[in-house]
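Subject: Handing over a structure, with notes

Dear colleague,

Please find the structure below, followed by my notes on what was found in it.

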Amino acid sequence: MRRVLVAAIAVLLLFATGDARSSGPEIPGNAIRIIVPFSAGGPTDVLARVVGKILGDKLGVTTYIENKPGASGIIGTEPVVRSPADGTVLLLTATHHVITPSLYKSIPYDTKKDLSPIALVAAAPNAILASNNFPAKNVKELIEILKKNPGKYSFGSAGTGSSNHLSGELFKQMAGVDVVHVPYKGNGPAMNDLIGGHIPLLFDSLPTVINASKGGLVRVLALTGLKRSPLLPDVPTLDESGVKGFNVQAWFGVYMPQANGSPIYKKLVAAMREVNESAETKKKLAEMGVEPGDLYGDEFRAFVDSEIARWADVVKKANIPPE
């Protein structure tokens with residue numbers, strides 16, 4: 001009798017917690033292909049491998065990552081749009097996704113209409129860094145130097161249209177300074193040139209600057225979010241440093257082909273909520289310097305739409321010509 005009672009309680013607990021394996025339709029073939037529209041080894045790829053594994057465990061399916069880099073994420077996003085909306089193909093991409101519509105005259109899909117946003121996966125601030133031979137020790141000194149020398153100095157980024165590039169453009173607009181953008185083909189070359197003193201300033205994502213900062217190779221002047229990071233607790237935010245209201249996060253989201261609120265979409269939304277709230281996810285993302293997301297379904301869709309409008313305004317004010 002006792003064994004029967006224990007088994008009954010276990011079943012009730014399973015349904016009460018809404019276990020992703022037992023709710024909603026099955027994933028065809030018990031496998032999910034997660035397309036990352038960037039190269040292997042980068043922040044988006046590393047994040048996808050961590051989250052993809054935990055998502056697969058939650059759903060009881062196999063997940064595997066496929067990298068399709070190029071054209072600011074367009075090359076990897078298009079095949080997702082063309083895939084069946086049955087949960088077998090997902091997209092995990094970065095902030096580029098909401099910036100791209102403003103940077104290209106045309107793209108082969110409608111960012112808003114052709115994809116269903118599932119969940120915000122993670123977010124982290126960008127950082128403004130200075131080379132060790134640059135005279136500014138803080139943001140106040142930086143702004144003073146830039147205002148006295150309009151157009152003399154430059155800042156690097158991982159490429160035109162990247163989140164860190166547009167962080168720099170927004171900084172120019174909000175601080176009222178003139179500094180020249182130098183795009184690089186990725187974070188690595190840009191960081192190497194900053195360390196070597198070939199460029200004075202760099203905007204980059206927090207996870208990629210921690211080692212260089214702690215090693216004394218560069219100087220982190222500020223973070224672009226509204227709160228300090230526990231990984232660099234002594235580094236202030238731009239908002240604290242006088243650029244009031246400055247708030248930019250490099251963020252990552254997961255999407256599927258337009259599903260129109262189907263049962264499989266709802267199942268994936270519920271599963272991603274479980275993933276983000278799990279202790280395993282929080283631990284692994286903290287080690288990467290990012291925080292788990294907390295937006296799902298319609299809330300995440302509204303956030304995506306607002307970010308598309310926000311960055312369109314920044315691109316327009318920066319006079320960045322569409323390709």
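How far apart do the C-alpha centres of domain 1 and domain 2 lie? They lie 26 Å apart, and before I say more about these two domains, please keep in mind how the model was made and numbered. This is a predicted model, in which local features need pLDDT of at least 70 and side-chain atom pairs count only at pLDDT 80 or more, while totals for chains, interfaces and linings use all residues. Residues are numbered from 1 along each chain as its sequence is written, and side-chain values use heavy atoms, with hydrogens and water left out.

**The two domains**

The protein chain is divided into domain 1, made of 32–123 + 251–318, and domain 2, made of 124–249, with bounds that come from an automatic or database domain assignment. The contact between them takes 19 residues from domain 1 and 17 residues from domain 2, where contact means heavy atoms within 4.5 Å. About 1400 Å² is buried between domain 1 and domain 2, and carbon and sulfur atoms give 64% of this area; buried area here is the accessible area (1.4 Å probe) that two parts lose on being put together, summed over both.

Across this interface the rule finds 4 residue pairs in polar contact, both residues being at pLDDT 80 or more. A polar contact is a pair of N or O atoms within 3.5 Å; within protein, one must be able to donate a hydrogen and the other to accept it, and residues adjacent in sequence count only if both atoms are side-chain atoms. On the side of domain 1 that touches domain 2, at least two residues each are supplied by α4 (96–103), α10 (279–288) and α11 (297–317), and the largest share, 5 residues, comes from α11. Helices (H or I, at least four residues) and strands (E, at least two) are DSSP runs, numbered from the N terminus. Sorted by class, that side of domain 1 has 12 nonpolar, 4 polar and 3 charged residues, where Ala, Val, Leu, Ile, Met, Phe, Trp, Tyr, Cys and Pro count as nonpolar, Asp, Glu, Lys and Arg as charged, and the others, Gly among them, as polar.

**Salt bridges**

The structure holds 12 salt bridges, a salt bridge being a side-chain nitrogen of Lys or Arg within 4 Å of a carboxyl oxygen of Asp or Glu. Between domain 1 and domain 2 the count is 1 salt bridge. Lys227 forms a salt bridge with Glu291, and their closest N and O atoms are 3.4 Å apart.

Arg33 and Glu66 also meet through their side chains in a salt bridge, at 2.8 Å from N to O; this pair links distant parts of the chain, with Arg33 in strand β1 (residues 31–36) and Glu66 in strand β2 (residues 62–67), 33 residues apart. Glu66 meets Lys68 in a salt bridge as well, at 3.3 Å from N to O. Glu66 counts as partly exposed at 23% relative accessibility, and Lys68 counts as partly exposed at 26%; buried means under 20% relative accessible area, exposed over 50%, and partly exposed in between (1.4 Å probe, protein chains only).

In helix α10, Glu287 and Lys283 are separated by about one helical turn, because they are 4 residues apart. Their salt bridge has its closest N and O atoms 2.9 Å apart, and Glu287 and Lys283 are both exposed.

**Buried places**

Why is α4 described as largely enclosed by the rest of the structure? It is described in this way because 7 of the 8 residues of α4 are buried, namely His96, His97, Val98, Ile99, Thr100, Ser102 and Leu103. What covers these buried residues includes α3 (74–81), β3 (89–94), β4 (115–131), α6 (163–175), β9 (249–257) and α11.

Glu169, which has its place in helix α6, counts as buried at 7% relative accessibility. Not counting residues up to four places away in sequence, Glu169 touches Phe155, His181, Val314, Ala318 and Ile320.

With best wishes
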